[in-house]
Amino acid sequence: MLKHVVATTLLLTSSLAVTPAAQAETAILAGGCFWCVESDLETVAGVRDVVSGYAGGTSQNPTYKTYEDGGHREVVQVDFDEGKLSYRQLVDIFLRTIDVTDAKGQFCDRGHAYSSAIYPLTDAQAKTARAAVADAEKALGDKIVTPVEGSVLFWPAEAYHQGYYKSDARTLTRFGYVTRATAYKGYRKACGRDERVKKVWGEEAFKGVAKHGS
């Protein structure tokens, strides 16, 4: 059974030399299918690692079969170098990779488990996230329904979900016996994710993402 991971933020002190490790920070974000969010955010400059998982519910040790019943959302935990990418910049980018006007899911995936959310881990992150949403709302000219929630425990998803979008392992899917990477591309296209984000955000869609849709 997977052990839960408590997402933490490393604090810098003026008395210590700033090293790459000392600049690591963590964010937890929900944007529907975690394979898709992982694939988008891993291409953002300054992001060090993205892990798919579950958060926001009440059950302990959620799995892919049980997380919905426990009230969790699919989320990603993003570790990034705040010397290269601020939390505000990360949230700004994230918002432009999802449908911020849909409160009942994302794209073809429906229900609370696939709805979007931001889970700040500190008061500073919460303040920053709320400001980012307010500014994005002005830029969009429409109501953003993505909530800024409270701090949560992050539970990593099963190993086969990690890097699913780029895995060469083969699996039987509705697209045939194909690599997970091929199955992912078929799913993402059929779900209409990229088209919808572009319709919502226009030229702002995927701004800051080096590569999306693969």
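Mentor: Start with contact: it means heavy atoms within 4.5 Å. This is a predicted model, where local features need pLDDT of at least 70, side-chain atom pairs count only at pLDDT 80 or more, and totals for chains, interfaces and linings use all residues. Residues are numbered from 1 along each chain as its sequence is written, and side-chain values use heavy atoms, with hydrogens and water left out.

Trainee: What does proline 120 touch, not counting residues up to four places away in sequence?
Mentor: Proline 120 touches Tyr87, Gln125, Ala126, Val148, Glu149, Gly150 and Ser151.

Trainee: Where does proline 120 lie?
Mentor: In the loop between β6 (116–119) and α3 (123–140). Helices (H or I, at least four residues) and strands (E, at least two) are DSSP runs, numbered from the N terminus.

Trainee: Why is proline 120 called buried?
Mentor: Buried means under 20% relative accessible area, exposed over 50%, partly exposed in between (1.4 Å probe, protein chains only). Proline 120 has 3%, so it is buried.

Trainee: What makes α2 oblique to α3?
Mentor: Helix α2 (residues 87–95) and α3 pack at an angle of about 40°, with their axes 9 Å apart. Axes are lines fitted to C-alpha atoms, for helices over the stretch in contact, and angles run from 0 to 180 degrees between N-to-C directions. Angles under 35 degrees count as roughly parallel, over 145 as roughly antiparallel, 65 to 115 as roughly perpendicular and the rest as oblique. The angle of about 40° therefore makes α2 oblique to α3.

Trainee: By class, which residues does the contact of α2 with α3 have?
Mentor: First, the names. Tyr87, Arg88, Val91, Asp92 and Leu95 come from α2, and Gln125, Thr128, Ala129, Ala131, Ala132, Val133, Asp135 and Ala136 from α3. The classes are eight nonpolar, two polar and three charged residues. Ala, Val, Leu, Ile, Met, Phe, Trp, Tyr, Cys and Pro count as nonpolar, Asp, Glu, Lys and Arg as charged, and the others, Gly among them, as polar.

Trainee: How many helices and strands does the protein come to?
Mentor: Five helices and nine strands. Of the 214 residues, 49% count as buried.
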